[in-house]
Amino acid sequence: NNVTGASNDVPMASAFSTLSKVMVIKRLGVIYNPKEANSVIQRNELEQLGPKFGYQLVDGALKDQHAISEVVAKLIAANVDAVLLPSDSLVTANADNIIALLNQHRIPSIASIPSMVRDNKAFIGIGPDYFELGRAAGGKALAILGGTKPTDVPSTAPDRVQMTVNLTTAKAIRVVVPVQVLLISTVIQ
């Protein structure tokens with residue numbers, strides 16, 4: 001093993017502990033690309049966490065951008081309380097369309113990529129603090145440049161998440177964000 005690094009994997013258990021302060025989720029939709037291994041892993045993690053956090057997972061498998069309306073309609077028909085958007089290249093590339101449909105139907109969107117809150121008007125983003133992630137990767141590089149073998153430098157994932165809230169979206173979809181959540185979040189007006 002000659003590999004090390006800093007992962008941007010979001011610890012979903014931590015994310016849902018925080019989300020439970022914002023909303024009650026009994027039926028969680030997830031829009032993901034079944035052809036992308038990373039998406040399937042995140043989807044499976046969400047399914048495993050369902051009993052712990054009291055939600056039923058509703059799949060929104062998105063095979064291509066032409067199926068966006070159909071997938072969102074399926075989640076609307078399933079009466080989901082929120083939809084999680086994992087870090088998925090197909091979802092990210094089509095975030096404007098997906099999130100616009102969710103917002104139109106007043107369904108809160110939870111993005112694993114915090115920039116979707118600012119750039120695509122997702123309701124809430126839960127993801128890594130990229131500055132801290134870069135700092136961790138830089139520390140590993142320094143250790144290796146200092147003579148430590150990569151096999152002796154453990155790979156790590158973030159131990160906490162960064163929350164970003166879009167207040168304009170919250171108002172549009174009629175979700176009230178508690179003050180204690182705003183205090184620990186990056187807020188976008």
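Reader: At roughly what angle do the axes of H1 and helix H2 (residues 37-53) cross?

Author: Two packed helices are described by the angle between their axes and the distance between the axes. Here the axes of H1 and H2 cross at roughly 50° and come within 10 Å. H1 is therefore oblique to H2 (under 35 degrees is roughly parallel, over 145 roughly antiparallel, 65 to 115 roughly perpendicular, the rest oblique). This is a predicted model, where local features need pLDDT of at least 70, side-chain atom pairs count only at pLDDT 80 or more, and totals for chains, interfaces and linings use all residues. Residues are numbered from 1 along each chain, and side-chain values use heavy atoms, without hydrogens and water.

Reader: Which residues of H1 meet H2?

Author: Met12, Ala13, Phe16 and Ser17 do, against Gln42, Glu45, Leu46, Leu49, Lys52 and Phe53 in H2 (contact means heavy atoms within 4.5 Å). Ser17 is partly exposed, at 34% relative accessible area (buried is under 20%, exposed over 50%). Between the C-alpha atoms of Ser17 and Ala93, 76 residues apart along the chain, lie 28 Å.

Reader: In what order do the 7 strands of the sheet run?

Author: Strands of a sheet pair through backbone hydrogen bonds, either parallel or antiparallel. This open sheet has the order S2-S1-S3-S4-S5-S6-S7, with mixed pairing. Its edges are S2 (56-61) and S7 (186-188), each pairing on one side only (a pair needs at least two DSSP bridges). S1 (residues 27-32) runs parallel to S2, joined by 6 bridges; Ile31, for instance, has Gly60 in S2 as its bridge partner. Helix H1 (residues 12-19) packs on the sheet, touching S1, S3, S4, S5 and S6.

Definitions and conventions: Helix = DSSP H or I, 4+ residues; strand = E, 2+ residues; numbered from the N terminus. Axes fitted to C-alpha atoms, helices over the stretch in contact; angles between N-to-C directions. Buried < 20%, exposed > 50% of the residue type's maximum accessible area, 1.4 Å probe, protein only.
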